Amino acid sequence: MKNVFTLCIVPTMLFCSFQKQSELPQKRAVAVENTVAKSDRIIYLFFKADKDQSGSEKIVLQESKISEGRLKLVPSFSRDEVESGDFIITISGDGGKEVSKQLVKNPLHPELEVYEKEGISRHKTLLSTAEFSVRFPYSENIQSVKIEKAQADGVQLLFTQKL
């Protein structure tokens, strides 16, 4: 009886396993296409900030890249968050119309965390050179980038460049 059972089960298992394999190529024939819309792109801007002997900042756009993708969260800020020394980066479109704005905490005066026996403490440090980057949703009508420095009495224009 045991031999008869084995003779029936083994061919049945083999037959079923071949049936599943024969269906796989048919399922693979269906192509799933993931297309990225032209509007789903990100522009990355890489800057370098230098402080000269007189204390004024000089900003240089080192590189800009456009890549496929979509920002999950578009950064925004309110004027209450702006502190003296922070940079406000504005992307402008056709006719100088503002497309997007972003706040970068002062890259030349960053706040560092220090781990000590007493715990974690924060210290501000002064740098003469710093690099920073921002990213924005890309749009075909982006024309220029502008960087302003927030001061106690308003904002100072540091950098403007066409893209």
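A residue is called buried when its relative accessible area is under 20%, exposed when the value is over 50%, and partly exposed in between, using a 1.4 Å probe and protein chains only. By this rule, both F47 and F132 are buried.

The structure is a predicted model, in which local features need pLDDT of at least 70 and side-chain atom pairs count only at pLDDT 80 or more, while totals for chains, interfaces and linings use all residues. Residues are numbered from 1 along each chain as its sequence is written, and side-chain values use heavy atoms, with hydrogens and water left out.

**Confidence**

The predictor's confidence in each residue is expressed as pLDDT, on a scale from 0 to 100. For the protein chain the mean pLDDT is 82, and 77% of the residues reach 70 or more. Confidence is lowest in helix α1 (residues 2–28), with a mean of 60, and highest in strand β1 (residues 41–51), at 94. The pLDDT is below 50 over residues 27–36, a stretch that has 1 contact in the model beyond near neighbours in sequence. Contact means heavy atoms within 4.5 Å. Helices (H or I, at least four residues) and strands (E, at least two) are DSSP runs, numbered from the N terminus.

**Aromatic pairs**

Rings of Phe, Tyr and Trp (its six-membered ring) pair if their centres lie within 6.5 Å; planes under 30 degrees apart count as stacked, over 60 as edge-to-face and the rest as tilted. The count by this rule is 3 aromatic pairs. Two of the pairs are set out below.

| Pair | Centre to centre | Angle between planes | Class |
|---|---|---|---|
| F47 and F132 | 5.3 Å | 25° | stacked |
| F47 and F159 | 5.7 Å | 85° | edge-to-face |

One aromatic cluster is formed by F47, F87, F132 and F159.

Two strands pair if DSSP finds at least two bridges between them. Strand β8 (residues 144–151) is mostly covered, with 6 of its 8 residues buried. Strand β3 (residues 87–92) runs antiparallel to β8 and is joined to β8 by 6 bridges; here S92 stands opposite S144. Strand β9 (residues 154–162) is also antiparallel to β8, with 8 bridges between them, and K162 of β9 stands opposite S144. A hairpin is formed by β8 and β9, with 2 residues between them.

**Residue S100**

Where is S100 placed? S100 lies in strand β4 (residues 98–104). S100 counts as buried because its relative accessibility is 12%. Leaving aside residues up to four places away in sequence, S100 touches I89, T90, I91 and F136.
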